Amino acid sequence: MTGHDIRRMFLNFFEKKGHMILPSASLIPLSDPSILWTAAGMVPFKPYFTGSSSPEFSRVTTCQKCIRTPDIESVGRTARHHTFFEMLGNFSFGDYFKESAIPWAWEFVTEHLRLPPELLWITVYQDDDEAFDIWNRVVGVPVNRIVRMGKDTNFWEIGVGPCGPCSEIHVDLGAERGCGAPDCAVGCECDRYLEIWNLVFIQYFRDEEGNYSPLANRGIDTGMGLERVASVIQNVPSNFETDLLHEIVDFTAGLIGQKYGVKKNVDLALKVIADHCRAITFAVSDGALPSNEGRGYVIRRLLRRAVRFGKLLGVQGPFMSQVAGTVIRQMGSAYPELVERQNHVLKVILAEEERFGETLIQGTEMLNQIIAGLKASGGSVIPGASAFKLYDTYGFPLELTQEMAAEQGLTVDSEGFRNAMEGQRQLARSARQETEYISEREAFFKDLRDQVGTTTFIGYNSLQAKSRVLAILKNGEKVNSASVGQEIEFILDVTPCYAESGGQVGDFARVTAPDDLDPGLVIDVLEVYKPVENLFIHRGQVISGFIKEQDYVQVQVDQARRSAICRNHSTTHLLHKVLKEVLGGHVNQAGSLVEPDRLRFDFTHYAAMTQDELKRVENNVNRAVLANLPVEVFETSLTEARALGAAALFGEKYGERVRVVKMGDFSLELCGGTHLRSTAEAGLFKLVGESSVGAGLRRIEAVTGEGALSYIEGKEEQFAEIARLVKAPPHEAAHRVKGLLQNIKDLEAESEMLQARLARYQVQELLDRMKDVKGVKVLTGQTTAPDMDSLRGMVDLLKDKIGTGVIVLGSESNGKVNLVVAVTRDLLKSGLHAGKIIKPVAAIVGGGGGGRPELAQAGGKNPSRLKEALETSYKVVDSQIKDL
């Protein structure tokens, strides 16, 4: 039975139990900034368990792609550790509970996976009698094969939020896989008892004080590692021997001219490369890009670690993109997005690997310097701290440093390296904060919503509403009323105000009292946000009047501002489509900001856009604007939207019912934002900037409508001012500027010629003032050199003239002093040193400097003492000359 068979069998099994099969969510948790990666099957459903969102289906099953990176160093050294893995899961949101979850799990593992019941062991939480009884009395597992475990292993919780006991299914792989200890049993750290499935019974809510209260709607969250269960079914000693990974391992072995299963160090490298390449390939496909922070740093670290292991096996040149191609061939049928984004993925991996090759060259240079310094001092051991710096900064593994050191007859302080590594880990642990399942803020608003009710949004079709005040907040505390001058937050039962989401900023609005109530009430709303589903928080200031809970109010959205936002949002969709047309299908949205005065669009691309590309993008967007395309908005199922070819936008969270924005036959995207009725309402689209925001990531900024008009008017004013300054009509200004630039160029050339001629005259004048100090020619003097470069140029001329001697020159420029000292090479043995000469000289003019024995330069702040400083140089030279 293949891994693909197991995946399909699991999903089909739960589909027959009434579950909806959903595709894997992205590895990047789009709606949860508190975590870097989707690390478990439940992560996409966290809002359903917390109650902040309502599920479309009460029963769901998935095969979720996951990344976990706490134990990167263990990958390849154990049979089970991975950075990327697939987690099979079935979920219940207030539907079935233990009475169904436990028997179904047993049915699947015994009747479908056909694992012998006598090899299966069950663990339950020590106080969970309900689960124990179901396993024993309903399923029929003998009492002696059900093990009660403590809270550390069999109770699932992460800070504030829903939590509950766990029950695990373990497989006895046989005494030959165990540690041999007489007390070896379920829970032992050895490989004999392998956990394959964890059932989490979400039945409590843990508050900030650590108190547990029963949940009204209990849930089921299960997770079965596909690679693990495949290793059991296929009877192989590790996950790397399963069909899910072995094809990638074998390809890599052939690529680098090695064989798996012969040498331990080779096997370790092949496992690391296969595992890390799976993680990198899937992550880049989902939109992650290598960088120096966050998830981008994780991708960069994984790729560099894989490449380093390749280098240890003698690989020369990039190879990871070829391994990634195998990952895509292996996994593309289950995850078609890999095939769709193949070109993008391979380009990103190749570019990052080439960049790392340059870094390795720098690391090699540093290591060579360390070795040279060590040999010069008579040492034979490279310090552990130095080896760790190479590892941490340049990606050098300890083994590579040891190998290069051995070639020079040196060793490496391995213990010191490990100590430095552990020190960094301790710092990382102390800096790492535990991510709470549900934040205190989120819990507060969830409870508040349960108390006061939800908000109905009508802002797609109306910009005004008569609403009832459900709650008022001041400084995070619920209050009954508010009066003039107070800044408050309040909740309405109905609102036309759009809450910030999906890159679009929230509306501004004015709240007043209906005519039959307090006519003096005015509240200016300056922010609207949605902390949990169906709860809109309006933040504003009471300008006049008085407001209290249960009052009725009139809400009017700032129409001009909303219209400007709509123009920028609709043209963002047009821009996305045009970028794909002009640059290629690899372009994907990586972020956006839609404000009333501008739009910002981040997208994947490998190089700065050319002027021709920018012009084509701007023109094509404006053609779509002028085409007066109708903007249609409709709701449909997620499946149907995908079938229509709708693009999903960054940062959006989609349920089974989705909102689709269609612009003629040109653009089709899933979007929850506000839009125009036709593209012509955008008026004009104008690009104002294109820049880099990271490796493989570009940013476009643009304006539309009145913003574009203001931008063009500003440019016209600048152009008119330039024309006025150059005294030419606007249509001749460019020609006039070209002429002025040529005149400047000619004058600069003439100035340089005159400066050179003047320098020659000054050189001769200085030569006439040369003195003899203890048999050494010493030439000092003040020049008119305008800068340090010119001063050094004069020094070079004088050195050619005098042949041997000391030169000390100074000049004044813009109220500051420049000094240069030169000593000809033949005089160095006499004790003369340009750097030591210049220091006391520069001190007189209030400056400092230094340099090499032959040449030094300095600056100063006091030009009035320059002559005194130059005269002092004779005494300084005299004091430094040894007997010749």
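1. Helix pair α17/α18. In this predicted model, helix α17 (residues 559-583) packs against helix α18 (residues 611-626) at an angle of about 135°. The two helices are therefore oblique to each other; the cut-off for roughly antiparallel is over 145 degrees. Their axes lie 9 Å apart. The crossing of α17 past α18 is right-handed.

2. Residues at that contact. On the α17 side, the contact residues are T571, L574, L575, V578, L579, E581, V582 and L583. They meet E613, R616, V617, N620, V621, A624 and V625 of α18.

3. N628 sits in the loop between α18 and β25 (631-637). Its phi is near 55°, a positive value in a residue other than glycine. Most residues other than glycine have a negative phi. N628 is partly exposed, with a relative accessible area of 44%.

4. N814 is exposed, at 78% relative accessible area.

5. Aromatic pairs. The search of the whole structure returns 32 aromatic pairs. One of them joins W106 and W135 edge-to-face. The ring centres are 6.2 Å apart and the planes make an angle of 75°. W106 belongs to helix α3 (residues 98-112) and W135 to helix α4 (residues 129-139), so the pair ties together parts that are 29 residues apart in sequence. Both tryptophans, W106 and W135, are buried.

6. An aromatic cluster. Seen together, F10, F13, F14, Y96, W104, F108 and W197 make up one aromatic cluster. Phe, Tyr and Trp are each represented, for example by F10, Y96 and W104.

7. Arginines over rings. Which ring has R659 over its face? The ring is that of Y460, and R659 is 3.6 Å from the ring centre. R329 lies over the face of F251, at 5.9 Å from the ring centre. The cut-off for this arrangement is within 6 Å of the ring centre, so the R329 value of 5.9 Å falls inside that limit.

Key: Residues are numbered from 1 along each chain as its sequence is written. This is a predicted model: local features need pLDDT of at least 70, side-chain atom pairs count only at pLDDT 80 or more; totals for chains, interfaces and linings use all residues. Side-chain values use heavy atoms; hydrogens and water are left out. Rings of Phe, Tyr and Trp (its six-membered ring) pair if their centres lie within 6.5 Å; planes under 30 degrees apart count as stacked, over 60 as edge-to-face and the rest as tilted. Helices (H or I, at least four residues) and strands (E, at least two) are DSSP runs, numbered from the N terminus. Buried means under 20% relative accessible area, exposed over 50%, partly exposed in between (1.4 Å probe, protein chains only). A charge sits over a ring if NZ of Lys or CZ of Arg is within 6 Å of the ring centre and within 35 degrees of the ring normal. Axes are lines fitted to C-alpha atoms, for helices over the stretch in contact, and angles run from 0 to 180 degrees between N-to-C directions. Angles under 35 degrees count as roughly parallel, over 145 as roughly antiparallel, 65 to 115 as roughly perpendicular and the rest as oblique. A crossing is left-handed if the near helix is turned anticlockwise from the far one by less than a right angle, and right-handed if clockwise. Contact means heavy atoms within 4.5 Å.
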